[in-house]
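The exercises below ask for a reading of one structure, each followed by a solution that goes step by step. Work through them with the sequence and the model in view.

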Amino acid sequence: MAVTGDSSMSRRSGSLSPGELAQASVIAALSAATAIISIVVPFAGALSLVGTVPMGLLAYRYRVRVLITATVAGAIIAFLIAGLGGFMVVLNCAYIGGLTGIVKRRGRGTATVFFSSLVAGAFLGAVFVAALAIMSRLRHLIFESVTANVNGLAAVIARVPDMAPLADRLKHDFAVALDYWPYLFFTYSTVTIAIVTLIGWWALSRVLSRLFGIPDVHKLESSDDAAAIGPVPTRLRDVHFRYPGADHDALGPVSLDVEPGEHLAITGANGSGKTTLMLMLAGREPTGGTIERPGAVGLGRLGGTAVIMQHPESQVLGTRVADDVVWGLPPGTKTDVARLLDEVGLDGLAERDTGGLSGGELQRLAVAGALAREPSLLIADEVTSMVDQDGRGALMSVLSGLTQHHQMSLVHITHYNDEAETADRTVNLTGNGGAADNTEMVETASAPAATVASGHHSDTPVLELVGVSHEYASGTPWASTALSDITFTVNEGDGLLIHGLNGSGKSTLAWIMAGLTEPTAGDCLLDGAPVSDQVGAVAISFQAARLQLMRGRVDMEIASSGGFSHHDRKRVAKALSTVGLDAALAKRRIDQLSGGQMRRVVLAGLLARSPRALILDEPLAGLDAASQRGLLRLLAELRRNAGLTVIMISHDFSGLEEVCPRILHLQDGVLAPIATTAGGMS
Amino acid sequence: MTSPTANRRQRRPVVLLRPVPGDSAVHRLWAGTKLVMVAAIGVLMTFYPGWVPIGAVALLVLVAARIARIPRGALPSVPGWLWILLFFGGLTATFAGGSPVIDIGSVSVGLGGLFNFLRITALSIVLLGLGAMVSWTTNVAEIAPAVATLGRPLRMLRIPVDEWAVALALALRAFPMLIDEFRVLYAARRLRPKDVAISRRGRLRSIWLEIIDLLAAAVTVALRRADEMGDAITARGGVGQISASPARPKMIDLWASVIVIVVCGTALALELTILGTSAVTT
């Protein structure tokens, strides 16, 4: 995601590349969202000012065709939700943002932006005046209606003693102004566009300087190899790979063969190059060594190579299950969607929305999408790491049956040892020594029964939930119950794990305990008063750590979150040391941190305010084994030594017992029976 | 155990891009038909915003809502300040007077101003209702294929309609994910202590800096999302089909179109002949 790097590469003509298309779509959604919020939410109109920034960024990084595509898509969405107003806001943002982005890309300065904005404003003003001239009846209605309001106001003012001249003046001036409406609107448009453009320009410049140095996470490469497709058998000889700009090899040297029809497991710790190996197999050119195949890789083509990746949500492209299965297939290809869904255990869900599926179901859907291409080689890259216990089992049984029912080779990359056992053959990547401290594998744990804490904690209640129920969108046809009648108490120094599968309502519960959501019924009390009146007293660390890091640099982030000045180096260093980070990290940019470091920086900021309790929503998701262990050790220490009250929300159990001796099971929005007694006893 | 506190009165939220469950005639209409109707009626209303067209379209919307069994709960709560604003708008407009004038006892009130104000309010409400009908009865997945079909003639002008349709489909897919991420972003901001700046200048500066920070965070998240989506598209071998069973217009679409054309045509004819209320008079 290098900010400037792509622009040289993207000077291509013709239809959009996958990357360009994805950028256009996401920016379209982003600008539609800002446009809709600026219209629907009262007094948020100013938001449409910053709506120019995403479009500006797009115009800066890509060619105009990408900008136009994003504008069309964004404008249609905004029109569907917020009507013509939303449509116009998106068009405006694209117009102004596009201008600033293109000027920025050409390397020109503020003066150029100012003058081109005047020209653009004048042009738009002319269009606007012409449109109003044609729509004479609507113009007339608007003018008459506003005149009525002004005259009415004047009539009221005139009743006030001595104010009659002022009222006449108001009436007269307004009438005159309306007489000259074309000039008025033209000038207004020119000036507004110029002002908004300048604001957008400044904002874009600031944001761009902030985005500089975000590591490039773009991975797969599409090839236009026209040769006959034949990815297996693949023979890798002394293959190694180094990312552009890196100072050591991410992979290799590796030699291995993938034979037709075999199920091959590749294991190894984070940093051993598992994902890089996936890229090699999926067709990226190695920096050294050779890869032999009988034909082209054919990534995503019929009979070629299919890849299933780690994040369930982001690889689903269709809004409906059936649409996602066929997404991207050549036009005219006939697919037996029902049979494919049946094979992965999603039968009967063809018409469902993909948004409502759990992580495990989404991954099985991805398998169905891969099978629709009848691939010769299927690569599954850590597909279970974001999936809960039940989902993992179902997904593994689908994967392990594939090589028996299809003419394909399966390469399964995993960091779970037990998942590798179903394979015909296992290759262990040892890495290149650079990641020696990361060599441990994760063992999956089975669910322990709910327990009552036998602890050393005090009996002072911190959080009390009394009959808490929550329903989303109450009173509408879309109402859905997330929680019903939850009652339990969290005491000072407690370590509580709230365990539940996807959709059990555990995140809603976390938001309620942090005071961010007010339950529709019942009370959530912090020290006896509703927690929703004390937002910030209970700290919460969200699953997506990046969303919680708002400042550009570690020290600024911690200071802003803790409520002190970032010049106070001592406090920053102290906060960093609480979470086991080195004070030297203080000047590091947020986007250069690893996933585990990000989570720790979030914790440092939250703990700097000495919260009454700390809630962690899926704190281990996306972390490798070593970071997981480190984080758990840290939390256990904080609880033991600092007496911190820790509430963890997770779909997993492994290794959490030390931090959270007490466990509550949440299922479909209610506490499971055993756990209720545990809650009732405190 | 019964809950000790009574249900709190909740505001009904605006629910985005989710149809009201049902399988009525309106739900079954092809998405393209609905989009064309809304666009055509929108144009009609912009050029002839008279009472007769407004009334006719309002009637169409109400009948369609009845057929589609849209419950009243689907409407979001109208915030109090909007009522107040409407009331004061109506009040000042009434003071302006104008014909027609009615006499109540000894006071004569000119209603021309009020009527104009009411007309533009009704126009906005009808246009909003029209758009709401589409989003209440149309599955999101059907919109992009419909746009691709509707835009087919534009392909002859070498306009990349299919590319737009794919981008639209992907944007609709990304939209709820981004909204969720914004929710988290907003919540994370609420958790933070308020910045205390002494001078007004300092406060303004910190607000500006905060906006930039939020923007940068939002954009970073969006760019990550886009990179992942780009990978997902590459893994599917690029762009191709976007729908498993693209819907086509059916007989019911023809009938619905005929009804809308007849109603709107009659309203337009009346507006232009005997019941005109939107003509430029001065």
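**Exercise 1.** Determine how many of the 9 residues of helix H18 (residues 554-562) of chain A are buried, and state what follows for the helix.

*Solution.* A residue is buried if 20 or more other C-beta atoms, placed from the backbone, lie within 10 Å of its own, and helices are DSSP runs (H or I, at least four residues) numbered from the N terminus. By this criterion 9 of the 9 residues are buried, so H18(A) is largely enclosed by the rest of the structure; among them are Val554(A), Asp555(A), Glu557(A) and Gly562(A). The cover includes helix H19 (569-578) and helix H20 (595-607) of chain A, where contact means C-beta atoms, placed from the backbone, within 7 Å. After the helix comes Gly563(A), with a positive phi near 85°.

This is a predicted model, in which local features need pLDDT of at least 70 and side-chain atom pairs count only at pLDDT 80 or more, while totals for chains, interfaces and linings use all residues. Residues are numbered from 1 along each chain as its sequence is written, with chains lettered from A and ligands numbered from 1 in the order in which they are written.

**Exercise 2.** Which helix of chain B gives the most to the side that touches chain A?

*Solution.* The contact takes 108 residues from chain B and 116 residues from chain A. Helices that each supply at least two residues of the chain B side include H2 (31-47), H5 (112-137) and H8 (200-235). H8(B) gives the most, with 24 residues.

Notes
Buried ≥ 20, exposed ≤ 12 C-beta atoms within 10 Å, placed from the backbone. Contact = placed C-beta atoms within 7 Å.
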